[in-house]
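Open your viewer and get ready to select a few residues at a time. We will hop from stop to stop, looking at what is there.

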Amino acid sequence: MKYVIIGNGIAAAGAVEGIRSRDRESPIAIIDGEQRGSYSRPLITYYLAGKRKAEQMHYRPPAFFHQQGVTVIPDRAVKIDNQTRQVILQSGLVVGYDRLLLATGASPIIPEIPGIRQNGCVKTLYTWQDAEQLDLLVTPGQRAVVMGSGLIGIKAAEALYQRGMQVTIIEKQTQILPRLLSRTSAELVKEHLQDKGIEIITGQEVTRINGDNGVELADGRRLTAQLVIVAIGTRPNLSLAADCGLAVNQGVLVDSHLRTSDANIFAAGDVIETNDILTGYPAVMALLPLAHREGFLAGQNMAGAACSYPGGLLINSVHVLGMNIIGAGSPQIPGQTWLWQQGNHYLELVTESGRLVRYIALNMPQVTGPLTSLIEKQMEIQDSLWQEFISQPGLNRLPPMYWEAIKEVADNDSYRCRAI
Amino acid sequence: MKVVSYSEYCLGCGLCRIHCAAGHDGYNGNILKAYKRGTPRPRADLIFHQDQSWLNTCQHCPDAPCVNACITGALQQYDRGVVYIDEEICVSCYTCIMVCPYGHIFPGEQAVLKCDLCRERPGQPACVAACPNGALRLVNEGETA
Ligand SMILES: Cc1cc2nc3c(=O)[nH]c(=O)nc-3n(C[C@H](O)[C@H](O)[C@H](O)COP(=O)(O)OP(=O)(O)OC[C@H]3O[C@@H](n4cnc5c(N)ncnc54)[C@H](O)[C@@H]3O)c2cc1C
């Protein structure tokens, strides 16, 4: 059996672990298009902020791949020939496979705005190389405009702020972190950032980039900026899959075993379209824990297992300038809201027929693990118990049936596999 | 391997967490040094729930969700066994805290704090050794609690 993995990110590392948990012998090759080894993408903003050195960037250390008997090929895949089961690389090298994993991740979306492609001041912050390039452009005292207030936009803004730049965030929606936060919690985070000195403009779009002079907004306002970071979202890197005829929609389509429409090709990570387990709707989730989980399961399946993957939950934890923000669940499901706030600690729950469908925790990390589990389990809990919990949230006040059920979670076998 | 807590024997005295803190961060089990002069940082905590109490400590889950979710690779589980944190690599993003169903991982400054089964200590983990009522036991995988 010959395994080939395209991409050397998070899903790829998970896949190596998955394959090796079942097959210790067969050769594995990784086509590493970025040629930077296995590094943790979320750390690039820490790198830019000067809080992480180059030797602390790895997700799996180089020795890991050696120990696991993996050959890392620093090259880009340009074509998959799924008839002959070969991957053609940019250098002309041809790599044959029996089982292939597409773990090509995503890329930032660049909107079609006049001036955006012509200006050297417009950058993205998505790769380690982006961070290295930005590192050279950062000038304390100058202004940077960050387009988009998603996770990447917020973390980019924080890093530039910590490097002494004046930072303005422009968000098209009427609140920041729209995928993660409710209106009320978004206001609190916005106040926190504004108190630190970050300027935030919501409900406005950048309509033009004027080179060194900055940006123009939809309402005609002009902002002077020496640097513009585009962080309005990402899109799966689909071309390899689409070009060889695999079924794709917003992302590569996979079945519950993470197999694409070609039986020898699997896919995992930001490149796939999966299900939001809460809503049941197809979704491109683009989250690191899911990328690792999917890679791990796909790897096992490539080695002959039949692990099924139910889909993912939208979930994120992020620190910005001393504030911890954790959110999970679906913003789309309406329900009853439960609020608690004390100083800068804030907890918001949304339940639907007694089941938790969303929570937002600001500076309240300790209760979030059980809350995530309550969303996943969709355990029905009486309103009186939610009331008791929210009156003084803490592990001591979780519903008793949660603690009873959780004893089984350690032995949760939902991710275990049937060997075939 | 993990420490199992029997709530029927737990007195809620909290010696487990005190010895846990004193057993880490270089205090070498010296409670005075940890609590009088240092910053005690226990890696496990007591839960008081209704009329019961127990030590809430890492279950070293098979296929641990925290290890899967860790964004830096700081959390590792070798051979599906004990879950360790490399405090040098952790950036305290709290993603692990967010996915631990027990609430077992604790916020820390540079790195999150979690049970390492006192790997540097000879013999039983500090909490187990300190429990005056035999409410804590170290069990191996496959062994019934
Ligand atoms: C600044 C930032 C912060 C983030 N923070 C968080 C966070 O806190 N929590 C969270 O859950 N997620 C976070 N994410 C998202 C997380 O990084 C991704 O979900 C994760 O990296 C996805 O893993 P992946 O393996 O699918 O893709 P990647 O890790 O992106 O790896 C894919 C690799 O494949 C390569 N590739 C693409 N095409 C080819 C080709 N043709 N040939 C060879 N190689 C190719 C790419 O260059 C890339 O190196 C963050 C992302 C960024 C940018």
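Start by selecting Asp135(A) and Arg163(A): their side chains meet in a salt bridge, with N and O 2.7 Å apart. Keep in mind that this is a predicted model. Asp135(A) sits in helix H4 of chain A, while Arg163(A) is in the loop between helix H5 (151-162) and strand S11 (166-171), so the pair ties together parts that are 28 residues apart in sequence.

Which residue is its salt-bridge partner? Glu132(A) pairs with Arg36(A), and the closest N and O atoms are 2.7 Å apart. Glu132(A) is partly exposed at 26%, and Arg36(A) is partly exposed at 29%.Next, select Arg221(A) and Asp219(A), whose side chains meet in another salt bridge, 3.0 Å from N to O. Arg221(A) is partly exposed, with 39% relative accessibility, and Asp219(A) is partly exposed too, with 43%. Then move to chain B and pick Asp25(B), Arg41(B), Arg43(B) and Glu87(B), which are linked in a network of salt bridges. Over all chains, the count comes to 15 salt bridges.

Now back to chain A for some strands. Show S5 (residues 86-89) with its side chains, and you will find that they alternate. On one side, S5(A) pairs with strand S4 (residues 77-81) in the antiparallel sense over four bridges. Which residue is the bridge partner of Lys79(A) in S5(A)? The partner is Ile88(A). Follow the chain from S4(A) to S5(A) and you pass through a hairpin with four residues between the strands, where Arg85(A) in the turn has a positive phi of about 55 degrees.

Strand S6 (residues 94-96) also pairs with S5(A), in the antiparallel sense over three bridges. Select Ile88(A) again: its bridge partner in S6(A) is Val94(A). S5(A) and S6(A) form a hairpin with four residues between them, and Gly92(A) in the turn has a positive phi of about 100 degrees.

For another sheet, select S18, S20 and S21 of chain A, three strands in the order S18-S20-S21 that form an open sheet with mixed pairing. Strands S18 (252-253) and S21 (282-283) stand at the edges with a single partner strand each, so one side of each has no neighbour in the sheet. S20 (residues 272-275) and S21(A) pair in the antiparallel sense over two bridges, and Asn275(A) stands opposite Pro282(A).

Finally, look inside. The largest nonpolar core has 157 residues, and Ile325(A) is among those that touch the most other members. Select Ile325(A) to find its contacts, including Leu177(A), Val189(A), Val318(A) and Leu362(A). A second, separate core of 16 residues includes Ile116(A), Met147(A), Val215(A) and Leu217(A).

Notes:
Residues are numbered from 1 along each chain as its sequence is written. Chains are lettered from A and ligands numbered from 1 in the order in which they are written. This is a predicted model: local features need pLDDT of at least 70, side-chain atom pairs count only at pLDDT 80 or more; totals for chains, interfaces and linings use all residues. Side-chain values use heavy atoms; hydrogens and water are left out. Buried means under 20% relative accessible area, exposed over 50%, partly exposed in between (1.4 Å probe, protein chains only). Two strands pair if DSSP finds at least two bridges between them. A nonpolar core is a set of buried Ala, Val, Leu, Ile, Met, Phe, Trp, Tyr and Cys residues joined through side-chain atoms within 4.5 Å. Contact means heavy atoms within 4.5 Å. A salt bridge is a side-chain nitrogen of Lys or Arg within 4 Å of a carboxyl oxygen of Asp or Glu. Lists of a residue's contacts leave out its neighbours within four places in sequence.
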